[in-house]
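Welcome! Please take a look at the sequence and the structure, and keep both at hand while you work through the exercises.

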Amino acid sequence: MAKKKKQDFTPITPDPQYILQVNALKKYFPIKSGMRVVGQVKAVDGVTFNLKHGATMGLVGESGCGKTTTGRAILRLSGDKTDGQVLFEGKEVYDLNPTEMRALRTKMQIIFQDPFSSLSPRMPVGEIIGEAVREHGLVKKEEFNDYIENIMENCGLQAYHRNRYPHEFSGGQRQRICIARALALNPRFIVCDEPVSALDVSIQAQIINLLKELQEKYKLTYLFISHDLSVVEHISDTVGVMYLGSLVEYGDTDDIFRNPLHPYTKALFSAIPVPDPTVRMNRIVLEGSIPSPAKPPEGCKFHTRCANCMERCKYETPVQKEIEPGHYVVCHLYD
């Protein structure tokens, strides 16, 4: 009989006020040399946060910090987790059998970053949006066409668009198709994986406003992954800041933007452009490059680039602390 893997976290109990509870989530990918595993890429390394019903959490950080992998791990799209808990509506996602997981797929959806590559070029828009609806038997056959057209209309598409193919649409329209495809399954939680990063600024505003309108209408909950801090501030209720697979700061949007605590968060926010040529920006420039997630630094992962680095940061891993109600930071400066 196989020996059960020892857990490296303290299990939490379900809390009905949260639709999603993520506790010490880890997702490592093996590095192989031939048939041997010689290391691991620690893409997600102990991420913890809670998300309330109908709220939006923004997840920000540099490229390669693990934002997308976190979203995919929550949806169970990247194989088994390495460790931790993912509770959706009180149930551990990774304990569900195939039948239960199939039923859960309609409640948890994702909007991908690149709308063009995520849409089949061989299927008309109506089939792309309705394929999963038909597969899960969500509506009766005689109601199918009306249902799809109603979803398209809610996402800013016209009924006659259903017979066209993805290459016939602009980038903004293709993203609306992706939103409609996710919305068609009547989900409760959607991972928005940088849904506006490939769009023009004017189109970004339209898509963000559409997401907010749909959230209010359908009582949706979002995990909004983005590089654009201005967009995150506009759409999010809470914000998590990731660095090298770990969540270094987490709290209400107003608290994070009013009083950033972690040196990495301060550096990110210092890069936000101010639309006033008379304002002098105090840009914090980080030295060096991001360490490899296959071999992260000991102690605090950020200490190799931190201007406030102390000796203990080089060998002692900081723990999450609540500095003000609901505002958490992982840094030795606040011991």
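The exercises below go from a helix to the cores and then to the spaces in the model.

Before starting, note that this is a predicted model, in which local features need pLDDT of at least 70 and side-chain atom pairs count only at pLDDT 80 or more, while totals for chains, interfaces and linings use all residues. Residues are numbered from 1 along each chain as its sequence is written, and side-chain values use heavy atoms, with hydrogens and water left out.

**Exercise 1.** Find which residues of helix α4 are buried, and work out how they are placed around the axis.

*Solution.*
- Step 1: Locate α4 at residues 144-154; helices (H or I, at least four residues) and strands (E, at least two) are DSSP runs, numbered from the N terminus.
- Step 2: Pick out the buried residues (under 20% relative accessible area; exposed is over 50% and partly exposed in between, with a 1.4 Å probe and protein chains only). They are Phe144, Ile148, Ile151, Met152 and Asn154.
- Step 3: These residues cover an arc of only 165 degrees, which puts them on the same side of α4. The arc is that of the directions from the helix axis to the C-beta atoms.
- Step 4: Recall the helix rule: an α-helix has 3.6 residues a turn, so residues three or four places apart point the same way.
- Step 5: Turn to the face away from the buried side, where the exposed Asp146 and Glu153 sit.
- Step 6: Look for the partners of the buried residues, which pack against α3 (125-136), α5 and α6 (201-218); contact means heavy atoms within 4.5 Å.

**Exercise 2.** Decide whether Glu142 is buried or exposed.

*Solution.*
- Step 1: Find Glu142 in the loop between α3 and α4.
- Step 2: Read its relative accessible area, 61%, which makes Glu142 exposed.

**Exercise 3.** Describe the largest nonpolar core and the contacts of Ile129.

*Solution.*
- Step 1: Use the rule for a nonpolar core: buried Ala, Val, Leu, Ile, Met, Phe, Trp, Tyr and Cys residues joined through side-chain atoms within 4.5 Å.
- Step 2: The largest core has 52 residues, and those touching the most other members are Ile111, Ile129, Ile177, Ile179, Leu211, Leu214 and Phe224.
- Step 3: Helix α5 (residues 171-183) gives the most to this core, six residues.
- Step 4: A separate second core of 31 residues includes Leu51, Met108, Leu223 and Ile225.
- Step 5: Beyond its neighbours within four places in sequence, Ile129 contacts Ile148, Ile151, Met152, Ile177, Ala180, Arg181 and Ala184.

**Exercise 4.** Find what lines the largest pocket.

*Solution.*
- Step 1: Know the term: on a 1 Å grid over the protein atoms alone, a cavity is a set of points where a 1.4 Å probe fits but cannot get out, and a pocket is an open set with protein on both sides within 12 Å along at least five of seven lines; lining residues have an atom within 4 Å of a point.
- Step 2: The largest pocket has a volume of about 590 Å³; grid points are joined across faces, edges and corners, and a volume is the space filled by probe spheres set on the points.
- Step 3: Among its 22 lining residues, Asp45, Gly46, Ser246, Thr317 and Pro318 are closest to the centre.
- Step 4: Strand β2 gives the largest share of this lining, four residues.
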